[in-house]
Amino acid sequence: MGVSQLGYVRIGATDIDAWLDIIENIIGWEILPRETGSEIIRCRVDSMHHRVALEPADKDDVLFAGWQVESEAEFDDVVANLKTAGVQPVEASADECADRRVFRMAKFNDIEGYPNELYYRPVHHHTAFNPSLPISGFEAGHLGLGHVMRHCKDYPGMVAFYRDVLGFRISDQIVTPALDATFMRCNARHHSIALVNEALGHEGGDTNHIMVQVKDIDDVGRAYDEVLQRKLPIIMTLGRHCNDETTSFYFVGPSGFGIEIGCGCLLVDEATWTVKTYNETRKWGHLFPHERGE
């Protein structure tokens, strides 16, 4: 069956303090105590040990995304698919698996060199998730962290790679004069990855944004108010997508790529779902700066 969820991301950050500020005051992840001798900061989103890790770096970027499979047999199947596709996954060391808190893991780059990790059997906490803000929590669990959007040089090739090699399924596509994007799922979440052509000022290899889904629309509004009050750069105003029906907004995070905070993302029923193409990204809102006269 292939990949089952977006398990985690690791972010290389030049300003860790700025990240801690927005986590504690806008997003609401639980920040775990730093481990002895380590500079890495890990954040909980649900029962999993951590889904986001921040690593001090000279350059801001998503260092890698971790994709979960549900069994060792599926792990071996996906590794075999990667090798057949000409990608050479590297089995992780025991220390690397311990760092990620997973039983087994392999590292690989997709066909455009974007770093990924494949793993199974993650460690879970025995204590309840304790958000850093009084919020409803996050829609994660078997749905995974949320989603990532990546820009591609070989857009059709990347769609084929994630579909045919990693087992993603196409949910739908948005084609407008500004962009061409394909939304791909690996569970009931409408998409765990979105692949988009070189558009909106981005080049292939750029991370457009990462998305986290809260459980209550009021938590989206509270975060939006905080971003407005701080006058942080807003990429897209509060609005609702036409394809996955998410109500969300986007702002520029401390590492330069976007952070989307949303609620109400559509769940896919595999028995009845049909792939559609849309000619617009939104039902309402989601205005870009130039549409706001900025």
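Author: Buried means under 20% relative accessible area, exposed means over 50%, and partly exposed lies in between. Keep that in mind for this predicted model.

Reader: Is E245 buried, exposed or partly exposed?

Author: The relative accessible area of E245 is 27%. Buried needs a value under 20%, and exposed needs one over 50%. E245 has 27%, so it is partly exposed.

Reader: Where in the chain is E245 found?

Author: Look at strand 14, residues 234-241, and strand 15, residues 247-252. E245 is found in the loop between strand 14 and strand 15.

Reader: What is phi of E245, roughly?

Author: Most residues other than glycine have a negative phi. E245 is not a glycine, yet its phi is positive. The value is about 65°.

Reader: What is the phi of R121, and which strand holds R121?

Author: R121 is a residue other than glycine, and its phi is positive, near 55°. Its place is among residues 115-122. That stretch is strand 8.

Reader: How many helices and strands are in the chain?

Author: Count each kind of element separately. The helices number 5. The strands number 18.

Reader: Why is the chain said to be as compact as a globular protein of that length?

Author: For 294 residues, the globule rule gives 19 Å. The chain comes close to that value, so it is as compact as a globular protein of that length. Its radius of gyration is 18 Å.

Reader: What share of the residues in the chain is buried?

Author: The cut-off is a relative accessible area under 20%. The chain has 294 residues. Buried residues make up 53% of them.

Reader: Of contacts between residues at least 6 apart in sequence, what share joins residues at least 24 apart?

Author: Start with contacts in the chain between residues at least 6 apart in sequence. Then keep those that join residues at least 24 apart. The share is 68%.

Reader: Which strands are the edge strands of the open sheet of 8 strands?

Author: The strand order is 2-3-4-1-5-8-7-6, and the pairing is mixed. An edge strand here pairs on one side only. The edge strands are strand 2 (30-31) and strand 6 (90-91).

Reader: Do strand 1 and strand 5 run parallel or antiparallel?

Author: Strands of a sheet pair through backbone hydrogen bonds. Here, 7 bridges join strand 1, residues 5-13, to strand 5, residues 61-68. The two run antiparallel.

Definitions and conventions: Residues numbered from 1 in each chain as written. Predicted model: local features only at pLDDT ≥ 70, side-chain atom pairs only at ≥ 80, totals over all residues. Heavy atoms only, no water. Helix = DSSP H or I, 4+ residues; strand = E, 2+ residues; numbered from the N terminus. Rg over C-alpha atoms; globule rule 2.2 N^0.38 Å. Buried < 20%, exposed > 50% of the residue type's maximum accessible area, 1.4 Å probe, protein only. Contact = heavy atoms within 4.5 Å. Pairing = 2+ DSSP bridges.
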